[in-house]
Amino acid sequence: MSKVSLKHIYKVYDGKVKAVNDFNLEVDDKEFIVFVGPSGCGKSTTLRMIAGLEEITSGELWIGDRLCNHVEAKNRNISMVFQNYALFPNMTVYDNMAFGLRMHKVAREEIDKRVREAAEILGITEYLARKPKALSGGQRQRVALGRAIVREPSVFLFDEPLSNLDAKLRAKMRTEITRLHKRLQSTFIYVTHDQVEAMTMGDRIVVMKDGYVQQTDTPQNLFRWPANKFVAGFIGTPQMNFFPVTLRRAEDGSVSVRADGFSLTVPAEHAYRIDENYLGGDRDVIMGIRPDDVRPAKDAVGGDAIKAYVALVEELGTQTLIYANTDEGALMTENSPTAFCSAAGEDAGISAGQCVSFRVDTSKLHFFDAHTELTVKHRIPDCLATARASGGRLNLLGASLALPAALADRLGEGEYAVAIPSAALSLSPAGIPGVAEECEELAAGSHLVRVRCGGARVFVLSDSAVAAGENVALSVSADMLSFSADGREVVSAVPCENRLEGRFARVKEGKERNHYVELDGARLASPYEFSRKMYDRGRSIFKKKLAFAFGVNDAVLGEEGVPVSVEEVLDYGSRRYAAVRLGSQKLYVAFEGQLPADPCITINFDRVRVYDSEIDIRLF
Ligand code: ADP
């Protein structure tokens with residue numbers, strides 16, 4: 001088994017440069033994973049931590065079922081291929097390939113067999129007696145690959161292995177490495193700054209920027225559902241075009257897009273994935289459109305047409321790139337917000353200086369929040385519905401539901417906007433009736449079902465496929481809903497996480513030294529195992545400002561533990577929560593049955609995650 005798992009991995013250089021932040025990834029056995037991002041984003045550092053060439057500041061690295069943080073590089077059963085080949089110049093190709101095996105004291109006949117097999121796979125048998133300086137760049141990189149192969153590792157790591165090659169050779173080696181992956185049936189982790197390499201080689205791609213993972217997904221999903229503007233712009237050539245716009249929902253469900261110099265209409269059937277909060281015409285949005293989805297069309301008029309002036313035309317053979325601007329006066333301006341690129345077929349018959357109509361495929365538009373740059377067109381959208389509370393019941397998604405006490409206590413009679421996260425909905429044998437409209441397989445055993453209920457559309461995740469047109473029923477977790485009226489939130493969803501600030505302390509009590517988690521105004525005894533994990537972080541742990549995070553189900557209200565004051569009980573029927581004060585901090589705890597007369601809290605420390613608050617890294 002050569003699974004690799006990175007759990008909350010951080011790298012901090014010199015106590016301050018955060019090169020990698022909270023990197024999480026499960027690499028499957030035999031998977032081809034690519035880390036991609038601009039220079040300095042932390043991809044090589046991550047790879048080097050996997051290789052054992054760089055110490056891991058925090059987090060866990062598992063290779064197979066072995067925790068490898070402190071396993072020496074040579075004992076990790078991995079091979080790494082570097083950009084500069086790292087061959088010994090004075091050794092022959094054969095000796096370069098055999099070197100690692102000789103160091104591992106592998107028998108001579110076995111070495112010979114493996115070197116010749118690898119040379120055969122890579123087509124370098126005839127060069128075995130040559131020295132590296134008598135080889136071309138591509139041949140040298142093959143030798144470096146051969147040296148990695150002969151060790152028969154469970155995981156191959158590649159650090160920009162093709163960067164030193166010219167474009168033609170790079171394309172050839174790309175297919176060779178992909179073929180090698182299929183043949184060797186091993187796990188490959190590959191670092192590159194080249195998105196074309198990433199898109200053509202990876203089963204899945206991790207896109208990084210400034211030390212943070214931006215998105216991890218298949219090439220197709222990154223292309224179709226970029227999580228933010230950075231991923232949208234980084235993946236795909238030519239690059240996606242961006243325009244500042246505002247969006248407004250019309251009566252018929254369509255969305256009008258207003259930009260400087262043009263307006264578009266997204267028909268209702270393509271608009272329902274856009275976050276409702278952005279459809280009032282009052283928020284700054286960035287629209288994205290790929291050059292392939294905006295093409296010259298003489299007859300384009302109306303809601304999918306843009307009129308623009310052509311600044312430059314590049315004939316690339318089978319493709320023509322047209323650089324245009326909706327503002328004639330800005331044609332020569334660099335970084336003009338009204339400029340865009342259109343990809344047309346050959347013989348587009350368009351030349352610079354013309355005014356041309358372009359047709360936009362409005363089903364392919366992307367939208368991002370102008371400030372956070374996160375997408376506001378979600379693959380798995382949450383739903384914003386209107387609900388009416390009256391007579392102890394809630395009319396939601398066309399059904400009448402009994403209001404649980406927690407809502408009945410806080411919602412007056414009237415109408416509310418209800419935010420329903422898709423996680424709050426599930427298919428169930430009985431519940432809110434609806435009709436499945438569409439079912440899309442997201443991954444094996446995970447389906448996204450679009451359901452129409454009442455006048456609304458919602459998205460539900462389901463383990464099994466559902467046929468379009470099938471009648472379904474939905475159950476809704478009321479504790480995950482938030483209600484607003486007149487733009488003000490009246491009832492928030494119950495937070496599922498608590499985060500408390502505090503410190504770890506050692507206290508002398510009589511002859512003993514005991515360990516505590518000290519929160520502002522409260523002190524919880526630290527169990528042995530938790531203290532041990534704290535000590536693993538070194539003595540400086542006692543000086544650090546820490547944060548302790550745990551779920552609402554990871555604490556117990558009872559008669560034992562540290563006394564707390566209960567501020568509020570939220571009774572959601574099947575689930576009950578207490579909002580309690582522990583010292584000066586507030587947290588939520590799920591509980592069953594009755595509240596004890598003198599409530600106390602115990603926290604399940606096995607489940608607590610600890611953060612260093614000052615540099616915001618997760619310790620464990
Ligand atoms: P990439 O491989 O994506 O180009 P790296 O992983 O090499 O990026 O570097 C990530 C960040 O860490 C960069 O800001 C770089 O300057 C910094 N860095 C890398 N190595 C060191 C080091 N030895 N000491 C201090 N900072 C480093």
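**Reading strands and salt bridges**

In this predicted model, β29 and strand β30 (residues 488–491) run antiparallel and are joined by three bridges.

Biologist: Now for charges. How many salt bridges does the structure hold?

Modeller: Here is the general idea: side chains of opposite charge can pair when their charged atoms come close. This structure holds 35 salt bridges. One of them is formed by K364 and D293, whose closest N and O atoms are 3.8 Å apart. K364 is in the loop between β19 (355–360) and β20 (366–369), while D293 is in the loop between β14 (285–289) and β15 (294–296), so this pair ties together parts 71 residues apart in sequence.

Biologist: Is D293 buried or exposed?

Modeller: D293 counts as buried because its relative accessibility is 13%, and the cut-off for buried is under 20%.

Biologist: Could we look at a pair within strands? Where do R452 and E437 lie?

Modeller: R452 and E437 form a salt bridge, with their closest N and O atoms 3.1 Å apart. R452 belongs to strand β26 (residues 446–453) and E437 to strand β25 (residues 425–443), so the pair ties together parts that are 15 residues apart in sequence. R452 is partly exposed at 33% relative accessibility, and E437 is partly exposed at 24%.

Biologist: Which residues are linked with them in a network of salt bridges?

Modeller: The network links E437, E438, R450, R452 and R457.

Biologist: One last pair, please. What connects the side chains of R575 and D479?

Modeller: Their side chains meet in a salt bridge, 3.5 Å from N to O. This pair links distant parts of the chain, 96 residues apart: R575 is in strand β38 (residues 575–582), and D479 is in the loop between β28 (471–476) and β29 (482–485).

Biologist: How do I read the accessibility of R575 and of D479?

Modeller: R575 has 39% relative accessibility and counts as partly exposed. D479 has 6% and counts as buried.

Note on methods:
Residues are numbered from 1 along each chain as its sequence is written. This is a predicted model: local features need pLDDT of at least 70, side-chain atom pairs count only at pLDDT 80 or more; totals for chains, interfaces and linings use all residues. Side-chain values use heavy atoms; hydrogens and water are left out. A salt bridge is a side-chain nitrogen of Lys or Arg within 4 Å of a carboxyl oxygen of Asp or Glu. Helices (H or I, at least four residues) and strands (E, at least two) are DSSP runs, numbered from the N terminus. Buried means under 20% relative accessible area, exposed over 50%, partly exposed in between (1.4 Å probe, protein chains only). Two strands pair if DSSP finds at least two bridges between them.
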